[in-house]
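Here is a short note for a first look at this model. Please read the points with the structure open beside you.

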Amino acid sequence: MTEEAELYFQRAAECVEDSQVLLDNDRPAASVARAYYAMFHAATAVLAAKGIKRSSHRGILSAFGQYLVKPGLIKQEFHLYLRDAFELRQHTDYDPIVDVNAEQARETLEQAIDFVDACRKLCL
């Protein structure tokens, strides 16, 4: 694994921890955002390890599908996790009324943990 990828995975791990702390403290919207960023950093790590760089969130999402899902390196469900978390994070960060509950946040966090693990395995 490259040093750059490892640093991104460290950030992903911190985001998972932050998401759990926020969930434990009844902050589901903030928890969702940190879970998304865990996935974002893990996706950035695995793409960087393969020499693929993107500078935007949508660019990472697209490249993940193109270079990892389409050739069958990772299951489609992980692309869906990333996309859904991105959309939910957009909602929690920018909409004036946020209706994210603890169950949605818990599910997003669990998906983030699975996502980070799957991405790390691609780099081993």
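This is a predicted model: local features need pLDDT of at least 70, side-chain atom pairs count only at pLDDT 80 or more; totals for chains, interfaces and linings use all residues.

How many of the 124 residues of the chain, in percent, count as buried? The figure is 46%.

1. The values below are computed from it.

2. The chain has five helices. It has zero strands. Read from the N terminus, the order of elements is α-α-α-α-α. Two of these elements come up again in point 7: α1 covers 3-24, and α2 covers 28-49.

3. **Overall form.** A compact globule of 124 residues would have a radius of gyration near 14 Å. The chain has 14 Å, so the value agrees with that expectation. The C-alpha trace spans about 40 × 25 × 20 Å along its principal axes.

4. **Contacts and surface.** Take the contacts between residues at least 6 apart in sequence. Of these, 62% join residues at least 24 apart. The accessible surface of the chain is about 6,700 Å². Carbon and sulfur atoms account for 48% of that surface.

5. **Charges.** Count the charged side chains: 14 are positive and 19 are negative.

6. **Cysteines.** How many disulfides does the count give? It comes to zero. Cys-15 is in no disulfide, and its nearest cysteine sulfur, that of Cys-119, is 13 Å away. A disulfide needs two cysteine sulfur atoms within 2.5 Å. Cys-15 counts as buried because its relative accessibility is 3%. Now turn to Cys-123. Its closest cysteine sulfur is in Cys-119, at 7.4 Å, which is too far for a bond. Cys-123 is also buried, with a relative accessible area of 12%. The cut-off for buried is under 20%, so the 12% of Cys-123 qualifies.

7. **A residue to check.** Which residue has a positive phi although it is not a glycine? It is Asp-26, with a phi of about 55°. Find Asp-26 in the loop between α1 (3-24) and α2 (28-49). Is Asp-26 buried or exposed? Its relative accessible area is 63%, so Asp-26 is exposed. The cut-off for exposed is over 50%.

8. **What to take away.** Remember the five helices and the count of zero disulfides.

Technical notes
Residues are numbered from 1 along each chain as its sequence is written. Side-chain values use heavy atoms; hydrogens and water are left out. Helices (H or I, at least four residues) and strands (E, at least two) are DSSP runs, numbered from the N terminus. The radius of gyration is taken over C-alpha atoms; the globule rule is 2.2 Å times the number of residues to the power 0.38. Buried means under 20% relative accessible area, exposed over 50%, partly exposed in between (1.4 Å probe, protein chains only). Contact means heavy atoms within 4.5 Å. Accessible areas come from the Shrake-Rupley method with a 1.4 Å probe; for residues, only the protein chains shown count as cover. Lys and Arg count as positive and Asp and Glu as negative; His and the chain ends are not counted. The place of a charge is taken as NZ of Lys, CZ of Arg, CG of Asp or CD of Glu.
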